[in-house]
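Trainee: I would like a close look at one part of this model, namely its charged side-chain contacts. Please take me through them with some care.

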Amino acid sequence: WQAAEWRLPQIKAESLAAPSPFETIRADRWIAETANAFAVEDITPQAPVHLLVISKERYKTILDVPPDVRGEMLNFAVELAREHGVAESGFRLTINTNPQGAQTVYHVHVHVIGGRQMGWLG
């Protein structure tokens, strides 16, 4: 994403103007769900375990998510880390927010990444 850093404000505008790509994910691809979120495997995994926890309602960023839904999503992400066997060895939860946070899809989602040694940012 660093090569496209200068484009991130434009990417934000384009993402907000278009339907969310998460809205087209069929429920039969969901691996789990809660009242306000669902989880899928990332289509471009960065580690052996790379899941996305996605809000059922489209919120642009984590800043827009009601506190109770935000808590539910984070608890769900932790539960998925446990269920996928990475809780004890270690995992990362990532929520990219706005252009300088490298957000490219403006429908809030939490990356659950584990199963390999992580570097500081990668």
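Trainee: How many salt bridges does a search of the whole structure find?

Mentor: In this predicted model, a search of the whole structure finds three salt bridges. One of them joins the side chains of Lys56 and Glu33, where the closest N and O atoms are 2.5 Å apart. This pair links distant parts of the chain, since Lys56 sits in the loop between strand 3 (49–55) and helix 2 (67–83), while Glu33 belongs to strand 1 (residues 32–33), and the two are 23 residues apart. Lys56 counts as partly exposed, with a relative accessibility of 35%, and Glu33 is likewise partly exposed, at a relative accessible area of 47%.

Another salt bridge is formed by the side chains of Asp28 and Arg26, with an N to O distance of 3.1 Å. Here Asp28 counts as exposed because its relative accessibility is 59%, above the 50% cut-off, and Arg26 is exposed as well, with a relative accessible area of 53%.

There is also a salt bridge between the side chains of Glu14 and Arg7, at 3.6 Å from N to O, which falls within the 4 Å limit used for such contacts.

Methods. Residues are numbered from 1 along each chain as its sequence is written. This is a predicted model: local features need pLDDT of at least 70, side-chain atom pairs count only at pLDDT 80 or more; totals for chains, interfaces and linings use all residues. Side-chain values use heavy atoms; hydrogens and water are left out. Buried means under 20% relative accessible area, exposed over 50%, partly exposed in between (1.4 Å probe, protein chains only). Helices (H or I, at least four residues) and strands (E, at least two) are DSSP runs, numbered from the N terminus.
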